[in-house]
Amino acid sequence: MSPRPKKKRICGGRFCGKAFKPTGISLVELKQIPMQRDELEALRLCDYKGLIQEEAGVCMGVSRGTVQRILTSARRKVAEALSTGGALVFEESPWEESE
């Protein structure tokens with residue numbers, strides 16, 4: 001049996017191809033940590049705007065459980081970048097739609 005296809009996720013912002021990194025160090029010298037656009041959107045909605053996961057799920061067109069899984073992954077990546085001095089590199093996800 002094949003896995004269920006991923007549901008389209010509604011994401012705002014245009015950060016693809018950009019990176020968030022420590023100053024004074026070239027991107028090629030840093031560990032690059034890929035962050036999907038839906039991960040950044042979940043962080044924005046829940047941690048910045050203060051929405052609960054259920055409300056963020058409605059905004060993104062996914063379930064609360066999906067938002068929870070996305071947030072767990074995103075927060076781990078942010079913590080890794082801050083702890084190790086890595087660079088977050090923002091990438092497009094094949095299962096997302098722009099607002």
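This report describes the predicted model of one protein chain, from its overall layout to individual residues.

## Basis and confidence

The model is predicted: local features require pLDDT of at least 70 and side-chain atom pairs count only at pLDDT 80 or more, whereas totals for chains, interfaces and linings use all residues. Residues are numbered from 1 along each chain as its sequence is written, and side-chain values use heavy atoms, with hydrogens and water left out.

The pLDDT, the predictor's confidence in each residue from 0 to 100, averages 86 over the chain, and 76% of the residues score at least 70. Confidence is highest in helix α3, at a mean of 96, and lowest in strand β5 (residues 96-98), at a mean of 51. Where pLDDT is low, the predicted coordinates should not be read in detail.

## Overall layout

The chain has three helices and five strands; these are DSSP runs numbered from the N terminus, helices being H or I of at least four residues and strands E of at least two. From the N terminus on, their order is β-β-β-α-α-α-β-β.

Of the 99 residues, 34% count as buried. Buried means under 20% relative accessible area, exposed means over 50%, and partly exposed lies in between (1.4 Å probe, protein chains only). Among the contacts (heavy atoms within 4.5 Å) with a separation of 6 or more, residues 24 or more positions apart account for 78%.

## The sheet

Three strands form an open sheet in the order β2-β4-β3, with mixed pairing; two strands pair if DSSP finds at least two bridges between them. Strands β2 (19-20) and β3 (32-36) stand at the edges with a single partner strand each, so one side of each is left without a neighbour in the sheet.

Strand β4 (residues 87-91) runs parallel to β3, to which it is joined by five bridges. Within this pairing, Pro34 has Val89 as its bridge partner in β4, and Gln36 has Glu91. Strands β2 and β4 are antiparallel and are joined by two bridges, with Phe20 standing opposite Leu88 in β4. Four of the five residues of β4 are buried.

## Helices on the sheet

Helix α3 (residues 64-84) lies across β3 and β4, running at about 155° to β3. For such angles, axes are lines fitted to C-alpha atoms, for helices over the stretch in contact, and the angles run from 0 to 180 degrees between N-to-C directions.

Lys77 belongs to helix α3 and is buried, because its relative accessible area is 19%. Leaving aside residues up to four places away in sequence, Lys77 touches Ile33, Pro34, Met35, Glu39 and Leu88.

## Helix α2

The buried residues of α2 are Ala56, Gly57 and Met60. They cover an arc of only 105° around the axis, which puts them on the same side of α2; the arc is that of the directions from the helix axis to the C-beta atoms. Glu54 and Val58 are exposed on the other side of α2.

Glu55 also lies in helix α2 (residues 53-60) and counts as partly exposed because its relative accessibility is 42%. The C-alpha atoms of Glu55 and Leu45, 10 residues apart along the chain, are separated by 8.6 Å. Gly61 follows α2 and has a positive phi, near 80°.

## The nonpolar core

A nonpolar core is a set of buried Ala, Val, Leu, Ile, Met, Phe, Trp, Tyr and Cys residues joined through side-chain atoms within 4.5 Å. The largest such core has 16 residues, of which Met35, Met60, Val67, Leu71 and Leu88 touch the most other members. Two or more residues each come from β3, α1, α2, α3 and β4, and the largest share, five residues, comes from α3. In soluble globular proteins, nonpolar side chains tend to be buried together.

Not counting residues up to four places away in sequence, Met35 touches Leu40, Leu43, Ala74, Lys77, Val78, Leu88, Val89, Phe90 and Glu91.

Ile25 is located in the loop between β2 and β3. With a relative accessible area of 33%, Ile25 is partly exposed. A distance of 9.8 Å separates the C-alpha atoms of Ile25 and Gly85, which are 60 residues apart along the chain.
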